[in-house]
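Keep the coordinates open as you read.

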Amino acid sequence: MSAESIYYPSQEVLDYATVKEYENTYKFSIENPEEFWAEQAKQLEWYEPYEKVLDSSDAPFYRWFVGGKTNIIHNAIDRHLKTSTRNKIAFVWEGENGDVKVYSYHALNREVSIFANILKSMGVKRGDVVTIYMPQIPEQIFAMLATAKIGAIHSVVYAGFSHEALGERIKAAKSKVVITADGGFRKGKIVNLKSVVNTALEDNPYTQVVITVKRTGHEVEMISGRDYWFHDLKSLPIASIKCPTEVMSATDPLFLLYTSGSTGKPKGLVHTHGGYSVYTSTTARMVLDIKPEDRFWTAADPGWITGHSYIVYGTLLIGATTFLYEGAPNHPYPNRWWQMIEKFGITILYTSPTAIRGLMRFGESWVKRHDISSLRLLGTVGEPINPEAWKWYYEVVGNKKCPIIDTWWQTETGGHMITPLPIFPLKPGSATKPFFGIKVGVVDDEGNEVHPNEQGNLVIKSPWPGMACCVHEDRQRWIDTYWKRFEKFGWYHPGDAAKIDEDGYVWIIGRSDDVIKVSGYRLGTAEIESALVSHPGVAEAAAIALPHDLKGNAIHTYVILKKDFTITPDLENELKDHVANAMGPIARPESITFVDILPKTRSGKIMRRVLKARALNLDVGDISTLEE
Ligand code: PRX
């Protein structure tokens with residue numbers, strides 16, 4: 001290996017890790033993918049065995065474990081009830097205000113069954129989409145699991161999204177039932193979710209029922225005939241604690257998750273019961289090294305894929321204990337996370353580089369106040385981690401004994417794709433190597449493999465069980481977005497730029513398309529631009545990402561005003577608010593630059609690359625296609 005700083009795992013880590021060897025297993029998994037995945041599928045129970053591991057006849061609509069009958073809930077809850085895991089803690093929750101709730105697997109089953117019966121009584125059937133817009137409280141997880149249990153499909157919308165973004169997602173999914181809460185706590189304040197739902201549903205022909213969980217107790221508007229309090233429904237005889245788990249085909253949809261792309265409206269990625277169960281349980285076990293005795297904390301929102309795969313499903317599939325915290329990391333003080341790790345004896349922490357940078361800012365004395373020696377493994381996800389944050393995480397949080405598992409993956413991939421295993425020598429900033437069964441390449445625009453350390457397009461060259469099966473009700477979009485770019489090779493194109501070094505370690509550079517990662521959140525430039533243009537004063541707009549110390553990237557925008565509008569600081573703020581209202585606070589632009597013209601190609605496409613180069617004082621590169 002080259003001489004740069006490499007961090008080797010201790011003997012203790014090597015001895016304890018679930019996976020002891022990489023090279024041979026990787027080789028086997030690439031040469032015999034179906035055998036490898038069939039072996040992993042054996043770790044789960046199936047109502048009826050599958051006939052075929054992988055059906056590629058309709059590629060790129062790959063079908064995994066075809067003919068198999070299962071339900072992710074059978075493996076995440078039901079099967080644990082038959083063993084001593086029944087008495088184990090499945091789930092610990094702490095509210096921002098200090099409330100704590102603890103559920104055994106037995107109790108989890110009871111809560112999920114009650115919720116499932118309520119959903120059924122509200123007319124939810126197999127295949128219906130239930131939209132969940134909730135704070136990070138236990139009922140958010142119960143709602144997801146209950147929906148899956150009865151064979152319906154959940155669509156969780158992150159509670160930071162605006163009413164417009166929520167309304168759009170509810171309509172796209174044609175959700176008859178929406179589950180929400182009166183509000184949640186964030187930095188000591190109430191986030192009023194029910195009123196967002198009320199506005200989102202104003203012009204919605206689909207939603208007939210809204211179930212509201214009481215969390216904050218503040219006054220909310222309930223619409224008679226449509227809105228029900230969860231606690232009222234819970235007290236009715238229909239809310240029985242017994243509910244059979246619906247038998248599903250492995251290829252049946254489990255959930256939709258809307259995510260931003262480079263063009264147009266957010267798309268609903270669809271994940272299925274079978275492939276997703278196998279993939280999330282395998283990666284939780286091998287990558288995050290979660291064992292039944294672990295107390296595992298994914299410090300992310302269940303409303304994102306990270307939360308779906310590793311707060312909820314991956315961890316419960318293994319029968320470990322998962323932890324959920326409702327609020328802000330620095331409330332009331334910046335020691336909140338470390339205090340909870342000490343209090344609950346968390347053994348594995350999985351979070352984003354943005355969160356690490358945010359906590360690092362407060363200095364190590366906040367960490368040192370607490371005994372967090374229960375930690376044995378640390379993970380990151382969502383954006384490239386800068387070596388400085390990596391080292392702080394490793395040295396201050398992990399006390400130089402916890403491997404840093406930097407996992408590269410996406411909403412579309414369902415689970416980890418490029419990632420170290422705990423036994424790997426680590427290079428800060430590199431997501432290291434492909435997981436078992438994942439064939440990656442870094443190629444030029446023609447599909448030729450680039451030289452070591454040269455930047456290129458990251459591609460995935462073969463299918464894997466965690467992959468989304470499609471985009472909800474839009475076959476063409478699945479093909480166009482991910483498979484068209486390298487169609488002749490049949491490769492998946494994730495939209496990231498990367499390089500591979502001489503040791504075969506992958507370094508993710510960032511998005512190569514028009515997606516911006518702000519604090520790890522994924523936003524499309526097209527969505528930001530259309531939000532700006534929906535303001536009466538804006539004629540045209542462009543959005544780009546520029547580096548930001550804390551957030552990784554920040555949104556910078558360029559606006560051409562309509563004739564009758566003049567540039568004022570008030571208007572600038574109004575436009576920023578306008579974007580935040582349309583999409584959610586995370587999308588509020590850092591800056592707005594008023595311009596008379598935008599760089600465009602002759603075919604009218606905005607050349608964001610030119611704006612970015614200008615802003616960073618870099619060479620603008622080839623501008624032969626520039627219009628003026
Ligand atoms: O650009 C990559 C970045 O996040 C994108 C996927 O975003 P999303 O679907 O929201 O899922 C995030 C959580 C899985 C990727 O295309 N990304 C994710 N993980 C990493 C990363 N970039 C660098 N290093 C990572 N570990």
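The model is predicted.

β28 pairs with β29 (residues 552–561) in the antiparallel sense, over ten bridges. Within β29, Ala554 stands opposite Leu546.

Now turn to strand β17, residues 321–325. Is this strand mostly covered or mostly open? It is mostly covered: five of its five residues are buried. In a regular strand, side chains alternate between the two faces of the sheet. In β17, Thr321, Phe323 and Tyr325 point one way, while Thr322 and Leu324 point the other way. Both sets are buried.

Which strands pair with β17? One is β4 (residues 89–94), parallel to β17 over four bridges. There, Val92 stands opposite Phe323. Another is β16 (residues 295–298), also parallel, over three bridges. Here Phe296 faces Thr322. From β16 the chain crosses through helix α11 (residues 305–318) to β17, and this β-α-β crossover is right-handed.

Aromatic rings come next. The structure holds 43 aromatic pairs. One of them joins Tyr158 and Trp304: the ring centres are 5.0 Å apart and the planes stand at 45°, so the pair is tilted. Tyr158 sits in the loop between β7 (153–156) and α7 (163–173), and Trp304 in the loop between β16 and α11, so the pair ties together parts 146 residues apart in sequence. Buried means under 20% relative accessible area. Tyr158, at 16%, therefore counts as buried. Trp304, at 19%, is buried too.

Phe435 and Phe436 form another tilted pair, with centres 5.2 Å apart and planes at 40°. Both are buried. They belong to a cluster linked by ring pairs, which also includes Tyr22, Tyr26, Phe36, Trp37, Tyr279 and Phe424.

Finally, look at lysines over rings. Lys291 lies over the face of Tyr16, 4.2 Å from the ring centre. Lys427 lies over the face of Tyr505, at 4.8 Å from the ring centre.

How values were computed:
Residues numbered from 1 in each chain as written. Predicted model: local features only at pLDDT ≥ 70, side-chain atom pairs only at ≥ 80, totals over all residues. Heavy atoms only, no water. Pairing = 2+ DSSP bridges. Helix = DSSP H or I, 4+ residues; strand = E, 2+ residues; numbered from the N terminus. Buried < 20%, exposed > 50% of the residue type's maximum accessible area, 1.4 Å probe, protein only. Right-handed = clockwise from strand over helix to strand, strands pointing away. Phe/Tyr/Trp six-rings, centres within 6.5 Å; stacked < 30°, edge-to-face > 60°. Lys NZ or Arg CZ within 6 Å of the ring centre and 35° of its normal.
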